[in-house]
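Me: I've got a model open and want to go through it piece by piece. Can you take some questions?
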Amino acid sequence: MERQKILVVEDEPDILDVIRYNLEREGFRVLSSRDGKEGLDTVRKELPDLVVLDLMLPGMDGLEVCRRMKSDPVTSPIRVAMVTAKGEESDVVVGLELGADDYVTKPFSPKELVARVRAVLRRGPFKEAEATSSRISLPGLVIDPDRFEVTVDDEPVSFTATELRLLHFLASHPGRVFTRSQLLSRVIGEHAVVLERNIDVHIRAIRSKLGSHNDLIQTVRGVGYRFRDGS
Ligand code: CA
């Protein structure tokens, strides 16, 4: 199999070296850019499988790089793992809504970064069409949207239509973080006049119905929610 190609866009040489070393050791082919403009040019020229994208870059910042990548059909399927500084959750939210796949917060361990990169590559590009009505079966939890049934530890539990859709949507994309606004538009529908914090109310209800499996839905502080990735 051809080695997967990763572009690292990072202006701090020490961090770039650490990331490069660890990804190369894992067998990836690693390219690098030191600023946003050059990074975007390299993305267009090399079409890597994934971009590790620092958000704080000289010239064009990482969010702008992401925005331009995602607005071009040639580069939009390329996966993006953002690198952010602590306390930049609002940038993370913007990045995820632009189409970035995941993020790590500095300081991060190389092991954590490699694990995130692998997870993002494994689950493939996000597809809207994935939110189908297929049955999901996990240890202790079965979600069957066609029959409108959820069972927790083999017991049927009654869910509202919104709760079931929300649970099914999250469980269809394990490991992926969604912002409240993404959940609202994808699960509830953009026409709905609801506040983002209503998502929190639905999540609370779902968790209480999941009983001992309530940790399947994880809160990502300042950002949104994620279904636990069991793989
Ligand atoms: Ca930086």
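Me: Where does Arg 180 lie?
Reply: Arg 180 is in helix 7. Helices here are DSSP runs of H or I with at least four residues, strands are runs of E with at least two, and both are numbered from the N terminus.

Me: Anything on the model itself before we go on?
Reply: This is a predicted model, where local features need pLDDT of at least 70 and side-chain atom pairs count only at pLDDT 80 or more, while totals for chains, interfaces and linings use all residues. Residues are numbered from 1 along each chain as its sequence is written, and side-chain values use heavy atoms, with hydrogens and water left out.

Me: OK. Back to Arg 180: what does it touch?
Reply: Leaving out residues up to four places away in sequence, Arg 180 touches Glu 196, Ile 199, Asp 200, Val 223, Gly 224 and Tyr 225. Contact means heavy atoms within 4.5 Å.

Me: At what angle do helix 7 and helix 8 pack?
Reply: Helix 7 (residues 180–188) and helix 8 (residues 196–210) pack at about 75°, and their axes are 9 Å apart. That makes helix 7 roughly perpendicular to helix 8. Axes are lines fitted to C-alpha atoms, for helices over the stretch in contact, and the angles run from 0 to 180 degrees between N-to-C directions.

Me: Which residues make the contact?
Reply: Helix 7 supplies Arg 180, Ser 181, Leu 183, Leu 184 and Ile 188, and helix 8 supplies Glu 196, Ile 199, Asp 200 and His 202. By class, the contact has four nonpolar, two polar and three charged residues. Ala, Val, Leu, Ile, Met, Phe, Trp, Tyr, Cys and Pro count as nonpolar, Asp, Glu, Lys and Arg as charged, and the others, Gly among them, as polar.

Me: How about helix 3 and helix 4, what angle is that?
Reply: About 10°, for helix 3 (residues 62–70) and helix 4 (residues 89–98), with the axes 9 Å apart. That makes helix 3 roughly parallel to helix 4. Leu 63, Cys 66, Arg 67 and Lys 70 of helix 3 meet Asp 91, Val 94, Gly 95 and Leu 98 of helix 4. Those residues divide into four nonpolar, one polar and three charged.

Me: New topic. What coordinates the calcium ion?
Reply: Asp 11 (OD), Asp 54 (OD) and Met 56 (O), at 2.1 to 2.3 Å. Donors are N, O and S atoms within 2.8 Å of the metal (3.2 Å for Na, K and Ca), and water is not among the atoms, so sites may look incomplete. Along the chain the donors follow the spacing D-x42-D-x1-M.

Me: Is Asp 54 buried or exposed?
Reply: Asp 54 is buried, at a relative accessible area of 2%, whereas Met 56 is exposed, at 55%. Buried means under 20% relative accessible area, exposed over 50%, and partly exposed in between (1.4 Å probe, protein chains only).

Me: Where is Leu 55 found?
Reply: In the loop between strand 3 and helix 3. Leu 55 is buried, with a relative accessible area of 3%. Leu 55 touches Val 83, among others, and their C-alpha atoms are separated by 6.1 Å although the two are 28 residues apart along the chain.

Me: Which residues of helix 5 are buried?
Reply: Leu 113, Val 114, Val 117, Ala 119, Val 120 and Leu 121. Their cover includes strand 1 (5–9), helix 1 (13–25), strand 3 (50–54), strand 4 (79–85) and strand 5 (102–106). As one case, Leu 113 touches Ile 19, Val 52, Val 104 and Phe 108, not counting residues up to four places away in sequence.

Me: Where's the cis peptide bond?
Reply: Between Lys 106 and Pro 107, with omega about -5°. Pro 107 lies in the loop between strand 5 and helix 5.

Me: And what is phi of Phe 148?
Reply: About 55°, a positive value although Phe 148 is not a glycine. Phe 148 sits in the loop between strand 7 (141–144) and strand 8 (149–152), and is partly exposed at 45% relative accessibility. Asp 153 also has a positive phi, near 50°, and lies in the loop between strand 8 and strand 9 (155–157).

Conventions:
Parallel < 35°, antiparallel > 145°, perpendicular 65-115°, else oblique.
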